[in-house]
Amino acid sequence: MAGKVLQDLTDQFQALSKDMSSIVEARQKLDSQLQENKSVQKEFASLADDTKIYKLIGPVLVKQDKSEAVMNVDKRLEFINSEIVRIEKQISDIQGKQERKKMEIIQVQTQLRQDAQAQVGA
């Protein structure tokens, strides 16, 4: 009975670990996008107002107004930052769940050891 409980807890812990891996991967992608967009934002800041800007849409370059391009990048940065905050909360939540599962596993293992010692002593 306790062995089944231990296996279930271990499976749950492994599932949390898998979730954590995918969330950390998503966080890394967001970091990459954040750096890329910050770089674009810096480039835009150094351009004159009348500079021609083109946006790649599929296989076509489309002329875009500088103010519109700057606004798009600013919105993208805002979105990325909000996603980072959301993902950081998920990471924190999963870490808490992992810690609780780890404690449950330790309790069950301790109980199994105590039961085994009691049987040996009896």
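The model is a predicted one, in which local features need pLDDT of at least 70, side-chain atom pairs count only at pLDDT 80 or more, and totals for chains, interfaces and linings use all residues. Residues are numbered from 1 along each chain as its sequence is written, and side-chain values use heavy atoms, with hydrogens and water left out.

Strand β1 covers residues 53-57, and its pairing with β2 is antiparallel, over five bridges. Strands count as paired if DSSP finds at least two bridges between them. The elements themselves are DSSP runs numbered from the N terminus: helices are H or I with at least four residues, strands are E with at least two.

Leucine 61 sits in strand β2, which spans residues 60-64. Leucine 61 counts as exposed because its relative accessibility is 57%; the cut-offs are under 20% for buried and over 50% for exposed, with partly exposed in between (1.4 Å probe, protein chains only).

Next comes the largest pocket, with a volume of about 190 Å³. A pocket here is an open set of points on a 1 Å grid over the protein atoms alone, with protein on both sides within 12 Å along at least five of seven lines, and lining residues have an atom within 4 Å of a point. Points are joined across faces, edges and corners, and the volume is the space filled by probe spheres set on them. The lining of the largest pocket has 13 residues, and Asn37, Val40, Phe44, Val73 and Arg76 lie nearest its centre. At least two lining residues come from each of α1 (2-46), β1 and α2 (66-121), with α1 giving the most, five residues.

Salt bridges, meaning a side-chain nitrogen of Lys or Arg within 4 Å of a carboxyl oxygen of Asp or Glu, number nine. In one of them aspartate 8 meets lysine 4 at 3.0 Å, N to O; both lie in helix α1, four residues apart, about one turn of the helix. Lysine 4 is exposed at 55% relative accessible area, while aspartate 8 counts as partly exposed at 30%. The C-alpha atoms of aspartate 8 and isoleucine 105 are 9.5 Å apart, although 97 residues separate the two along the chain.

Also in α1, arginine 27 and aspartate 31 are four residues apart, and their side chains form a salt bridge at 2.4 Å, N to O. Arginine 27 is buried at 17%, whereas aspartate 31 is partly exposed at 31%. In α2, arginine 86 and glutamate 83 are three residues apart, with 2.7 Å between the closest N and O atoms of their salt bridge. Arginine 86 is partly exposed at 41%, and glutamate 83 is buried at 18%. Elsewhere, salt bridges that share partners join Arg27, Asp31 and Glu88 into one network.

Note on methods:
1 Å grid on protein atoms, 1.4 Å probe; cavity = no way out; pocket = protein on both sides within 12 Å on 5 of 7 lines; lining within 4 Å.
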